[in-house]
Amino acid sequence: MSKIEQSWYKPFSLITLLLLPLSAIFGCISLLRRYCYKFGIFKSFISKTPVIVVGNISVGGNGKTPFVLWLYDYLTAKGLSVGLISRGYGGQATHYPLLVTAQTTTREAGDEPVLLFNRLQCPLVVGPNRQHNIEKLNANFKLDVIISDDGMQHYKMARSIECCIVDSERKFGNGLLMPAGPLRETVSRLKSVDVVIENGSEDEFSYRLQPSVIKRVADNTDIATPLKAAHAVSAIGNPGRFEASLQAQGIKLLSTHHFRDHYAYSADDFAQFGDDCVLMTEKDAVKCRDFAKPNWYYLPVDAQPTAAVINTLNLLLKEKGIHHGL
């Protein structure tokens, strides 16, 4: 994490003061752009298939991916045909929009889309142009609803439902807009979303991350015997939560290593561990599979939303007319 990013979650500092003018410019441009779409000066693209956005107002990992996984399963269990779109952050494919398959690499699509496809085996398109992503999905599949992984600030894309995920531990940092703070939009934006969901709190509208069975990175098989000690490696927004979940399972952390979010690993990054056990997140694992040793493992997590979140989603689906056979 850079010194600027570290300053977002600390008391007001000289770095923060120096960056405030840039934040003011960023805020003015962001607000102007939002109102240009709101009042029709800029035209939005309206998908023939309803779109549910799962996003946030701050940069860095907030726990969107586990909620997207849960939401896909929940909607599918209701009989809906569901597709996903993603920006594919960090991906460098030769062409976009890219339909993700079992052969798609993290280098092409980014880590989160590959994780999503590995788990769900679902219609999933990545690319920088969300309109093109939606059009490709609709051209290839008959869908009832599309989940957009992130995209709350992509106002060109009209949406039926907005779910904003908030990290209960880091919240909004110093409450300032980028680059003086972590916010893409001011906290007042939360008033306009359909549901605000806290990741990891005991609030009424929240979800807990439930650790699943530890798996081997190389082949996704379940671990045979309980793991007692390992080096914890992660490239996520909030590594502290991941490490605490390992310790809660009685795993001794030989060391902890943090890389920037979406970091592209190489085998050299793990040379320091020799033949010791290594534990990482599922998002890390999809980037390490090709060079993983047999004793490298990852911890999948599943989101468990509260009844209030589920009830609100049901009401929103009914209100927006999202049902099977649209």
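What covers the buried residues of helix α6? Before I answer that, let me say that what we are looking at is a predicted model, and that I will go through it element by element.

Helix α6 runs over residues 130-140, and its buried residues are Arg-130, Asn-133, Ile-134, Leu-137 and Asn-138. If you look down the axis of α6, these buried residues fall within an arc of 130 degrees, so they line one face of the helix. As for the question I opened with, the cover over the buried residues of α6 includes strands β1 (51-55), β2 (82-86), β4 (124-126) and β5 (145-149).

Phe-117 and Gln-131 are separated by 14 residues in sequence, and their C-alpha atoms are 20 Å apart in space. Is Phe-117 buried or exposed? With a relative accessibility of 10%, Phe-117 counts as buried, because the cut-off for that class is under 20%. If we set aside its neighbours within four places in sequence, Phe-117 is in contact with Val-100, Thr-101, Ala-102, Cys-122 and Leu-124.

Let me turn to helix α7, residues 239-248, where Arg-241 is located. The buried residues of α7 are Pro-239, Arg-241, Phe-242, Glu-243, Ser-245 and Leu-246. Arg-241 is a charged residue by class, and at 17% relative accessibility Arg-241 counts as buried. Which residues does Arg-241 touch, not counting those up to four places away in sequence? They are Asp-167, Ser-168, Glu-169, Asn-199, Gly-200 and Leu-209. After α7 comes Gly-250, which has a positive phi, near 80 degrees.

Lys-171 sits in the loop between β6 and β7, and, with a relative accessible area of 36%, Lys-171 is partly exposed. His-262 also has a positive phi, near 70 degrees, and His-262 belongs to the loop between β11 (252-258) and β12 (278-281).

Where are the cis peptide bonds that I would like to point out? One joins Tyr-96 and Pro-97, with omega at about 0 degrees, and Pro-97 is in the loop between β2 and β3 (98-99). Another runs from Met-178 to Pro-179, with omega near 0 degrees, and Pro-179 is in the loop between β6 (161-167) and β7 (195-199), the loop that also contains Lys-171.

Finally, a few words on the second largest pocket, whose volume is about 360 Å³. Its lining consists of 16 residues, and those that lie nearest its centre are Gly-90, Thr-106, Arg-107, Ala-264 and Lys-287. What is the make-up of the lining by class? There are five nonpolar, six polar and five charged residues in the lining of this second largest pocket.

Terms used
Residues numbered from 1 in each chain as written. Predicted model: local features only at pLDDT ≥ 70, side-chain atom pairs only at ≥ 80, totals over all residues. Heavy atoms only, no water. Buried < 20%, exposed > 50% of the residue type's maximum accessible area, 1.4 Å probe, protein only. Helix = DSSP H or I, 4+ residues; strand = E, 2+ residues; numbered from the N terminus. Arc of directions from axis to C-beta. Contact = heavy atoms within 4.5 Å. 1 Å grid on protein atoms, 1.4 Å probe; cavity = no way out; pocket = protein on both sides within 12 Å on 5 of 7 lines; lining within 4 Å. Points joined across faces, edges and corners; volume = space filled by probe spheres on them.
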